[in-house]
Amino acid sequence: MILVLFSIPLIVFALLTVYSKDLLFSVIFLAVVSMNLALLFVFLQAPDIAITEAAVNAGLTTLIYVIAIKKTRRHEE
Amino acid sequence: MDVIIRTIAKGIFPFIILLGFFIIFHGHLTPGGSFPGGAIVASGFALIAVAFGIKRAEMLVREKTLRIMEGIVAMIIVILLLYESFIREYIVSEGEMFGFWSAPEILSLNVVGGIMVMCALTLIVFLMIKE
């Protein structure tokens with residue numbers, strides 16, 4: 001039950017990531033997807049993977065995407 | 001970046017560094033270890049570099065210092081592994097269980113690996129900003 005409860009926002013924010021026209025919004029939605037996935041890993045009793053997911057995918061990858069967007073255009077045509 | 005991001009980054013930066021070093025130093029007791037702790041410390045430096053610009057981040061740690069530190073730490077990890085496997089001939093010590101000093105060998109390997117991951121990831125972000 002709790003897996004379904006955390007999986008629904010995962011799918012919703014993943015679809016928002018794909019279909020958003022503003023790339024900065026896409027990056028922020030991707031960070032939300034990552035945090036949901038980390039919560040899911042905690043409930044599946046894998047805290048090691050949860051810490052790595054939250055540190056790398058929600059922290060470092062988001063910043064690298066922000067740097068890449070800053071050097072190119074922000075809006076998708 | 002604007003003033004909201006700057007204020008929050010300035011306030012939250014010491015706590016990110018503290019959390020990263022906590023995870024590195026407790027790698028043999030709690031989940032986590034050298035790679036997640038080093039990634040958290042590197043994301044703290046990357047946050048400063050994104051919010052304040054590369055010049056302010058290089059006042060904290062310079063690119064040349066990162067390169068030299070990564071090389072020295074890689075030498076230390078090779079020497080530690082050779083020492084542990086050929087001279088002492090066993091890698092796990094018999095200390096008091098679940099204490100902080102229960103496994104100083106694994107603690108030293110964790111600290112050295114964490115500093116190496118921190119240097120490598122911070123160097124990637126700095127070089128990408130300078131590109």
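Select A:Asp22 first. In this predicted model, A:Asp22 is buried, with a relative accessible area of 11%. The cut-off for buried is under 20%, so this residue qualifies. Look at where A:Asp22 sits: in the loop between helix H1 (2–19) and helix H2 (23–43) of chain A. Now show its neighbours. Leaving aside residues up to four places away in sequence, A:Asp22 touches A:Arg74 and A:His75.

Next, select H1 of chain A, residues 2–19. H1(A) has 18 residues. From first C-alpha to last, H1(A) reaches 27 Å, close to the 26 Å expected at 1.5 Å a residue.

Colour A:Phe6, A:Leu10 and A:Thr17 in H1(A). These residues are buried. They lie on the same side of H1(A), because they cover an arc of only 45° around the axis. An α-helix has 3.6 residues a turn, so residues three or four places apart point the same way. What do the buried residues of H1(A) pack against? They pack against H2 of chain A.

Turn to the other side of H1(A). Here A:Leu5, A:Ile8, A:Ile11 and A:Tyr19 are exposed.

Last stop: select helix H3 (residues 47–71) of chain A and helix H2 (residues 34–52) of chain B. The two pack at an angle of about 30°, with their axes 9 Å apart. Angles under 35 degrees count as roughly parallel, so H3(A) and H2(B) are roughly parallel to each other. H3(A) passes H2(B) in a left-handed crossing. Show the side chains that make the contact. On H3(A) they include A:Ala55, A:Gly59 and A:Leu63. On H2(B), look for B:Ala39, B:Ser43 and B:Leu47, among others.

Conventions
Residues numbered from 1 in each chain as written. Chains lettered and ligands numbered in written order. Predicted model: local features only at pLDDT ≥ 70, side-chain atom pairs only at ≥ 80, totals over all residues. Heavy atoms only, no water. Helix = DSSP H or I, 4+ residues; strand = E, 2+ residues; numbered from the N terminus. Buried < 20%, exposed > 50% of the residue type's maximum accessible area, 1.4 Å probe, protein only. Contact = heavy atoms within 4.5 Å. Expected span 1.5 Å × (residues − 1). Arc of directions from axis to C-beta. Axes fitted to C-alpha atoms, helices over the stretch in contact; angles between N-to-C directions. Parallel < 35°, antiparallel > 145°, perpendicular 65-115°, else oblique. Left-handed = near helix turned anticlockwise from the far one by under 90°.
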